[in-house]
Amino acid sequence: MSIFSGRACSLPLSGLAVSTYLPYIYLSQISYAKALSLQAHLVTRRLKAREQLQTSSSPLPTEENERLHDVANTDILLLLQHSPTYTTGRRDKRSTGAGGGSSSKEDLINNVGIEEKRLREFGAEYFETLRGGQTTFHGPGQLIGYPILNLQNYKLSVRCYVAAIERVIIETCAMYGIKAQTTEHTGVWANGEKICAIGIQVQRYITSHGFALNCNTDLSWFDHIIPCGLIDKKMTSIAKQIAKQQQIEFVNRNLNRMQQEKQEISVEIVLPVLAEKFGSVFGRSMRPLECFGDSELGGLRRAISEALSK
């Protein structure tokens, strides 16, 4: 059971009126712009199909009705990495004036422009987005998850959906001996440091954006910003937490450095663990999209391919 702002969220989910399988796809490293475009395409595709089903003035042919039903109701978990990118969300559209006073619209635009130029000079891209949250970094070594789900099918409020994602991350970290948890701040934390950022968008119950789990990320990228607007907090990763654990074990067992074992961590290693935990929490069996036949999810595969080729 997860408690979120006074409301109980019953997790993991069970007894859902959705397909047993939830497809996921690993897109390797793609630009943030392409990922935004892909998410927008998949969300719009689902919403249009739902609208056609609801507003058709005459019965649709059986084949077309089934196609639209599949498009409207098929969820997908997009997993990927980004090239170095700084993003800011809706919560960062706030005053940056001196003395805490409100700034004019022109001042805010100028401040955003200065910040964008400064961050781009480090060799990263910069995007303002519609997700929740404040400024953060995405880059290699970070497992990005963008679930495209219909929350109605899971009987989830937005708050409980966020709690479910947090549960996925906490259970994934536990597989590496990391005791992660939530706090009054957004995201997931380990030993007082943030290991995963969460920022979502929901359009007519269809989700996009999602989470960014630091696996073996170069954490120095976060030194150029105030991650998620938290001045006195640091970022961490699975690799960093494991290294700390190994150092403690090294001291406690009085091992020499040749005996000290090292556990390799990468996005590709963490990915199947996270996918399994996602399915466990959301009450679905996870299956790579490539394992579905063309008659099952060929349309979804083509939609993703077309969006990425633009």
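Contact here means heavy atoms within 4.5 Å. The model is predicted.

**Sheet**

Eight strands form an open sheet with mixed pairing, in the order S9-S10-S11-S12-S8-S4-S3-S13. Strand S9 (180–181) and strand S13 (285–288) are the edge strands, each pairing on one side only. Within the sheet, strand S11 (residues 193–203) and S12 are antiparallel and share eight bridges. Ala 197 is placed opposite Ala 212 of S12.

**Helices on the sheet**

H5 packs on the sheet and touches S8, S9, strand S10 (188–190), S11 and S12. Helix H5 covers residues 158–174. Its 17 residues reach 25 Å from first C-alpha to last, close to the 24 Å expected at 1.5 Å a residue. Buried residues of H5 include Tyr 161, Ile 165, Val 168 and Thr 172. Helix H1 (residues 32–55) lies across strand S3 (21–30), strand S4 (76–82), strand S8 (142–148), S11 and S12.

| Helix | Strand | Angle between directions |
|---|---|---|
| H1 | S12 | about 150° |
| H5 | S11 | about 145° |

**Thr 217**

Thr 217 lies in the loop between strand S12 (206–214) and helix H6 (238–253). Its relative accessibility is 7%, so Thr 217 counts as buried, the cut-off being under 20%. Leaving out residues up to four places away in sequence, Thr 217 touches Phe 137, Pro 140, Gly 141, Gln 142, Phe 222 and Ser 237. A second polar contact, of 3.4 Å, joins the side chains of Thr 217 and Asn 214.

Conventions
Residues are numbered from 1 along each chain as its sequence is written. This is a predicted model: local features need pLDDT of at least 70, side-chain atom pairs count only at pLDDT 80 or more; totals for chains, interfaces and linings use all residues. Side-chain values use heavy atoms; hydrogens and water are left out. Helices (H or I, at least four residues) and strands (E, at least two) are DSSP runs, numbered from the N terminus. Buried means under 20% relative accessible area, exposed over 50%, partly exposed in between (1.4 Å probe, protein chains only). A polar contact is a pair of N or O atoms within 3.5 Å; within protein, one must be able to donate a hydrogen and the other to accept it, and residues adjacent in sequence count only if both atoms are side-chain atoms. The expected span of a helix is 1.5 Å times one less than its number of residues. Two strands pair if DSSP finds at least two bridges between them. Axes are lines fitted to C-alpha atoms, for helices over the stretch in contact, and angles run from 0 to 180 degrees between N-to-C directions.
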